[in-house]
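Dear colleague,

I am passing on the structure we spoke about, and I would be glad if you could read the notes below alongside it.

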Amino acid sequence: MTKILRLDDVVQPEAVRFGARLKKRREELGLTQPQLSEQTGITAAYISTVENAKANPTLDMMVRLAKVVDLEVWDMIRPQPDANENQ
C-alpha cells in the first residue's frame, strides 16, 4: 500500500520555529532574502523554503543563518513561543 507523506510528517517543529524566527529577525534587520543569501552563501530560494517551513535546514545552515541575523541557534529553535509568534 502506498503511504502519502504530509508536510507535517516530514518537517520538524524545530524547523518551523527556526524558519519563523529567521524571517521575523531578517525583517527586523531590514534584510531581504537576496541580501541574506549574499551574506551566508545560501541561495535565496532555499532561505525562502526554510522561512516557509518547507525544509529541514542542516545544522551548518542554521549556524550560518543565525550568525548573520545575530541570534543563537538555540534561541531560534527553543520551544518557548514569543509573544508575537503563532507557535
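The notes that follow concern helix packing.

This is a predicted model, in which local features need pLDDT of at least 70 and side-chain atom pairs count only at pLDDT 80 or more, while totals for chains, interfaces and linings use all residues. Residues are numbered from 1 along each chain as its sequence is written, and side-chain values use heavy atoms, with hydrogens and water left out.

Helices here are DSSP runs of H or I with at least four residues, numbered from the N terminus. Helix 2 (residues 13–28) has 16 residues and should therefore span 22 Å at 1.5 Å a residue (1.5 Å times one less than its number of residues), which agrees with the 23 Å between its end C-alpha atoms. Just after helix 2, Gly30 takes a positive phi of about 75°.

The buried residues of helix 2 are Ala15, Arg17, Phe18, Gly19, Arg21, Leu22 and Arg26, where buried means under 20% relative accessible area with a 1.4 Å probe, protein chains only. Among the elements that cover them are helix 3 (33–40), helix 4 (44–51), helix 5 (59–68) and helix 6 (73–77).

Helix 2 packs against helix 4 at an angle of about 120°, their axes 7 Å apart; axes are lines fitted to C-alpha atoms over the stretch in contact, and angles run from 0 to 180 degrees between N-to-C directions. In this contact (heavy atoms within 4.5 Å), Ala15, Phe18, Gly19, Ala20, Leu22, Lys23 and Arg26 of helix 2 meet Ile47, Val50 and Glu51 of helix 4.

Helix 3 and helix 5 pack at about 115° with axes 10 Å apart, and are therefore roughly perpendicular (65 to 115 degrees). Leu36, Gln39 and Thr40 in helix 3 meet Arg64, Leu65 and Val68 in helix 5.

Technical notes
Helices (H or I, at least four residues) and strands (E, at least two) are DSSP runs, numbered from the N terminus. Buried means under 20% relative accessible area, exposed over 50%, partly exposed in between (1.4 Å probe, protein chains only). Angles under 35 degrees count as roughly parallel, over 145 as roughly antiparallel, 65 to 115 as roughly perpendicular and the rest as oblique.
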